[in-house]
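Q: I have a structure open and would like to go through it. Can we take it a piece at a time?

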Amino acid sequence: MKNFIGFVKRNFVSAALLVTAATGLQLKASAQDDKTVLGAGSSFINPLFTKMFYDYNQKFGIQVNYQSIGSGGGILQLTNKTVDFGASDAPMNAEQLGKVSAPVLHIPQASGAVVLTYNLPGVTTNLKLTPDVIADMFLGKITQWNDSRIAGLNKGVTIPSVPVLIAHRSDGSGTSNIFTNYLDKVSADWHTKVGTGSAVNWPVGVGGKGNEGVAGLVKQTPGAIGYVELIYALNNKMEYAQVKNKKGKFIMPSIASVTAAGNVKLPDDSKIFITNTDASDGYPIAGFTWVIIYQEQNYNSRSAAKAQQLLKLLWWNIHDGQQFCQALFYAPLSKEAVKVAEKILKSATYSGKSILK
Amino acid sequence: MELQKSKLKAGGQGPIRMENFFRRSLVIIALVLVVLVVGIFLTLVVQSIPSLKALGIKYLWGKTWDPVNNVYGALPFLVGTLLTSFIALIIAMPFSYAIAVYLGEFNTKGWLSNFLKNIVDLIAAVPSVIYGFWGFLVLVPAVQGMENAWNAKKVGEYRTLKPDDNSLVINGDSLKLNTDYIPLSYSGSASIDDSTVNAVMQESSPLPDSVKQGHPFIYDIGPLVAANKGKPVANIYDGIKQVEARLSGKGAAALLIINSSGIADSLQFNKKDTTSPLDIAVVYITEAARKKHFANVSSAAYTANIHASVAVVDPYNVDPYGTGIFTSSIILAIMIIPYAASMGRELIKMVPSALKEGAYALGATRYEVIKSVVIPYTKSGLAAGVLLSLGRALGETMAVTMVIGNSPIMPKGIFSLGHTMASVVANEFAEADHTVYTSALVELGLVLFLLTVTINMIGKGIIKRFTNE
């Protein structure tokens, strides 16, 4: 024992270093190279960004490295200033805003939607669902598919008499955030009992990891209903429901109806969930994905050229970049959204002077 | 290390220096491990502080995990972890021991022995995500089929009333279940506190403008029964359902059904009811109780003080998800079989042949030799193997996440959906977006860490006692 103590004393410095290393050392790195832009965040937008940034690199020779690590991770990296921009499926919340050292800007990039997919043997048409029926299913109040409320909406469709089995995301996700935000808006009961967030205390149902987890559960379980991203459902040719929107129309989720959902009066900072949209032909369970940057770009001794580069890229994203949306099943920004995004980008500054003219 | 090298160059070159350097290097490398474990533990503790501060010790037995309202309770996950691990252990042990005895005692050489041995070792080497896939694609549908078969066969009962969960008090008078009142089988569950009757309903009577939240209604089915005399009960059900539909969503909590017509209505609790439960409680008041409490119900001015609690439950139903505690236990069992099996095999091989031959010489059969010589001789090692298995089962994440159902609700049985501590952390950590949330997840890791350490220490203690004897 004495030997041991003596040993520790002799090697105290190296031991202390090791403990520091073991308990986690924050490394700060920032690419100072003007030809590279670093981004991190939302995995939802990753396929679109990959395509956009590849094209951008071909045209302008700027390399954009985007790490698809999830919205929360993107915000964290932006807060730590290790990336030039973060990307998130939800606006930053109050606590996250409290942690950043300077004001940030949210710039919408594209929108996505959440669709309800189900497994009902024999049903081949797209079911019609209303907000209260969806909420009551996910609250565990409607437990049978042959419930009169579902049958009443789908006259002429023979719905099998099987129990309603709910599938939801088990991992924290922007998809859950949009979906629970929608339920929160349309159901008072959901608002008091559950609320909205990227992970919530689900009253019923089975959790699957990722879109593929939920989709797998639904495919394997007759009577199951779950929610996945529209893109995922389209790519995998899944059945999904039409949802009644605020204006009383049943809307089929599609790229057009999702873009339409965002064609409403947006606030100047664009930080709004467009769920339960006022647009009469808009699909009600939709949301933006934002890029988040610092409003004042002169931090960490970044060069003016670098800030210029970043803003130029983001400007391109919301204009020329939008052409790639359709093919990848993303909903391009609505006219209204582009207008607001332009205004936000113009408010970015370098040493107090606006970067874009 | 740099320090050591420079000393070596600057100081004397003797072989003693070299010896010292070598010895020190070994100790340093060994110590790195200790430092790492301590470091990991400290990280967990430090990162858990916000959660410890916000939630305190009740974190351990809290049943709600609600990131929206920042309420975190680890109990469902603790229970999920322990349940899956121990059930897996119970399933795996017979297999492990059988393999160990067969390969260690009966068939120690030859191609079959080698083949089996390699297969068992392979089971341990397969990445857990592959077990997850297999479980999800094969085991889940199989268990689902089993659950469906169970639901179809279950004794013909779909609804039941637990006497303890149902009560009805009118103006201070406690009514008797089944003799005075019967919650109907399609009734929703509700609890009503200190309410006065809101209004008396007829099938077609207009709804009052404002319905007080949580108040019960009285509905006289007398006219309906009279109109449907001799027809099946279904017509009465439809009438009740219509009234219920008009009331539910308006804030009403219960519908008390009376029958003033004097004609038998044959309403009763139907155990085989398969219809959807209604939104509010529907309670039938028997004729005797009606005469006593609702004899002069005639106008909307009628009031009565009512406390009630109604719970209609499905006694046997298992939601046929296929995922859950049971499915993950099977996957875990398969994953942990090789640990105890390999260790047991090696130990059984090492039993001195003198001992065994002695027993044979005394006339023992092979079974007797295994029972009274081999197993007692190797029991501490076999126990250690079980412990190793348990350690693996407690911390397994990927495969379990794929088949356990990931539900934060306290499991009610082995066919319930569940969640383990490791799978919660894996699922939620990446997107945990506020401090207490992240910290609560780290604390879950801390609890898992301490649980594993405790179980290991208890196990080591047991082994030590066995070996000393």
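A: What follows is a short chat about this model, which is predicted.

Q: Start with chain B. How many helices and strands does chain B come to?
A: Chain B has 14 helices and 13 strands.

Q: And what share of the residues in chain B is buried?
A: Of the 469 residues in chain B, 46% are buried.

Q: Which residues form the nonpolar patch on the surface?
A: Tyr102(B), Phe106(B), Trp111(B), Leu112(B), Phe115(B), Leu116(B), Ile119(B) and Leu122(B). Together they have about 780 Å² of accessible area.

Q: Which elements give two or more residues to the patch?
A: Those are α3 (75-106) and α4 (111-125) of chain B. The most comes from α4(B), which gives six residues. Leu122(B) has its place in helix α4 of chain B.

Q: Something else: where is Met410(B) found?
A: Met410(B) lies in the loop between α12 (398-403) and α13 (421-428) of chain B.

Q: Why does Met410(B) count as partly exposed?
A: Because its relative accessibility is 26%, and partly exposed covers the range between under 20% (buried) and over 50% (exposed).

Q: What is Met410(B) in contact with, leaving aside neighbours within four places in sequence?
A: Met410(B) is in contact with Leu75(B), Pro76(B) and Val79(B). In sequence, Met410(B) and Pro76(B) are 334 residues apart, while their C-alpha atoms are 4.6 Å apart in space.

Q: Over to chain A. What is the order of the eight strands in the open sheet?
A: In chain A the order is β2-β1-β3-β11-β4-β8-β6-β7, and the pairing is mixed.

Q: Which strands stand at the edges?
A: β2 (63-68) and β7 (206-208) of chain A. Each has a single partner strand, so one side of each is left without a neighbour in the sheet. From one strand to the next, the twist averages 25°.

Q: In what sense do β6(A) and β7(A) pair?
A: Strand β6 (residues 165-169) of chain A pairs with β7(A) in the parallel sense, over three bridges. Ala167(A) has Val206(A), in β7(A), as its bridge partner.

Q: What does helix α13 of chain A touch on the sheet?
A: Helix α13 (residues 304-318) of chain A packs on the sheet and touches β1 (36-41), β2, β3 (85-88), β4 (104-118) and β11 (286-294) of chain A. The direction of α13 makes about 35° with that of β4(A).

Q: And helix α14 of chain A, what does that touch?
A: Helix α14 (residues 335-346) of chain A also packs on the sheet, touching β4 and β11 of chain A. The direction of α14 makes about 150° with that of β4(A).

How values were computed
Residues numbered from 1 in each chain as written. Chains lettered and ligands numbered in written order. Predicted model: local features only at pLDDT ≥ 70, side-chain atom pairs only at ≥ 80, totals over all residues. Heavy atoms only, no water. Helix = DSSP H or I, 4+ residues; strand = E, 2+ residues; numbered from the N terminus. Buried < 20%, exposed > 50% of the residue type's maximum accessible area, 1.4 Å probe, protein only. Patch = residues over 30% accessible without salt bridge, like charges linked within 9 Å, V, L, I, M, F, W, Y side chains within 5 Å. Areas by Shrake-Rupley, 256 points an atom, 1.4 Å probe, with all protein chains shown as cover. Salt bridge = Lys/Arg side-chain N within 4 Å of Asp/Glu carboxyl O. Pairing = 2+ DSSP bridges. Axes fitted to C-alpha atoms, helices over the stretch in contact; angles between N-to-C directions. Contact = heavy atoms within 4.5 Å.
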